[in-house]
Amino acid sequence: MSVRPERSRPVDRRVRVQGRPVDAYPALPPEAQRGSVRRVTVVGEEVLSRPCREVTEFGTPELSTLIDDMFLTMYVADGAGLAANQVGVDLRLFVYDCPDDYGIRHVGHLINPVLELPDPGSRRLVDDFEGCLSVPGAAMAVPRTDRAVARGFDKDGNPLVIEGMGYFARCLQHETDHLVGHTYLDRLSKRDRKDALRQMEDRQENVFAQRAVKAASLGR
């Protein structure tokens, strides 16, 4: 069962940046303002189907640049999360800018994440539609738990614990799947997978065109 706030305790609706509430935050994250757009990989490419490597060097300019570029690429593609192998880099890293079921915005990055889900006896599975920037134009219902905790590190090697509920919990599970070489298609029946791939074939050109327009509007 999902946890609901007590009536006597109003929900803190401030934006959560790296898991912590902040009083103000821009619509376009600072990382995206510094970043450059990279090509988004598409299902079928080998980098998406194998486990990513652990990040072993923190605090490097290269890591910071990758995170900045991933944020802007995610924004241009209208995504809520993006894993490093979705820009062709096989490192255990993802970025996110995603609301939860209370409408609270969660923004950040997580390196070398370890996902923790509720015990089978207490978890609640929710079937909801899910898309993926590497499966452009397709969306299918995928069962996910309504709560998740992801533990990992920030780009400087500081430990992080990110808690998600509802749609944000789905995001954490989706992005962590990418880092072990899976897309949401791997959680579908053969019939539904074929349906998703048909959707992608029919719609991907329009999706690519929309991304190009958004990138051009930003001068990128």
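Predicted model: local features only at pLDDT ≥ 70, side-chain atom pairs only at ≥ 80, totals over all residues.
View 1. With a relative accessible area of 48%, Arg198 is partly exposed. Arg198 gathers with Lys190, Arg191 and Lys194 in a patch of positive charge on the surface.

View 2. Strand β8 runs over residues 147–153 and contains Phe153. The relative accessibility of Phe153 is 33%, so this residue counts as partly exposed. Lys194 belongs to the positive patch of the previous view. Along the chain, Phe153 and Lys194 are 41 residues apart, and 36 Å separates their C-alpha atoms.

**View 3. The salt bridge between Asp177 and Arg144.** The side chains of Asp177 and Arg144 meet in a salt bridge, with an N to O distance of 2.9 Å. Are the two partners buried or exposed? Asp177 counts as buried, at 9% relative accessibility. Arg144 also counts as buried, at 2% relative accessibility. Both residues take part in a network of salt bridges that links Glu130, Arg144, Arg170, Asp177 and Arg187.

**View 4. The salt bridge between Asp146 and Arg124.** Asp146 and Arg124 form a salt bridge through their side chains, at 3.4 Å from N to O. This pair links distant parts of the chain, 22 residues apart. Asp146 sits in the loop between β7 (139–145) and β8, whereas Arg124 sits in the loop between β5 (105–116) and β6 (125–131). Asp146 is buried, with a relative accessible area of 4%. Arg124 counts as partly exposed, at 39% relative accessibility.

**View 5. The salt bridge between Arg50 and Glu46.** In this pair the side chains of Arg50 and Glu46 meet in a salt bridge of 2.7 Å, N to O. Arg50 is partly exposed, with a relative accessible area of 28%. Glu46 counts as partly exposed too, at 48% relative accessibility. How many salt bridges does a search of the whole structure find? The total is 19 salt bridges.

View 6. A search of the whole structure finds 0 disulfides. Cys52 counts as buried, at 8% relative accessibility. Cys171 is likewise in no disulfide; the nearest cysteine sulfur, that of Cys98, is 4.2 Å away. A disulfide requires the two sulfur atoms to be within 2.5 Å. Cys171 counts as buried, at 7% relative accessibility.

**View 7. Gln18 in the loop between β1 and β2.** Gln18 occupies the loop between β1 (15–17) and β2 (20–22). Although Gln18 is not a glycine, its phi is positive, at about 55°. Gln18 counts as buried because its relative accessibility is 18%, under the cut-off of 20%.

**View 8. Asp78 in the loop between α2 and β3.** The loop between α2 (61–76) and β3 (81–83) holds Asp78. This residue is not a glycine, yet Asp78 has a positive phi of about 60°. Is Asp78 buried or exposed? Asp78 is exposed, with a relative accessible area of 57%.

**View 9. Leu66 in helix α2, with Val89 for reference.** Leu66 is found in helix α2. With a relative accessible area of 5%, Leu66 is buried. Which distance separates the C-alpha atoms of Leu66 and Val89? The separation is 8.9 Å, for two residues that are 23 residues apart along the chain.

Terms used: Residues numbered from 1 in each chain as written. Heavy atoms only, no water. Patch = residues over 30% accessible without salt bridge, like charges linked within 9 Å, V, L, I, M, F, W, Y side chains within 5 Å. Areas by Shrake-Rupley, 256 points an atom, 1.4 Å probe, with all protein chains shown as cover. Salt bridge = Lys/Arg side-chain N within 4 Å of Asp/Glu carboxyl O. Lys, Arg positive; Asp, Glu negative; His and termini not counted. Charge placed at Lys NZ, Arg CZ, Asp CG, Glu CD. Buried < 20%, exposed > 50% of the residue type's maximum accessible area, 1.4 Å probe, protein only. Helix = DSSP H or I, 4+ residues; strand = E, 2+ residues; numbered from the N terminus.
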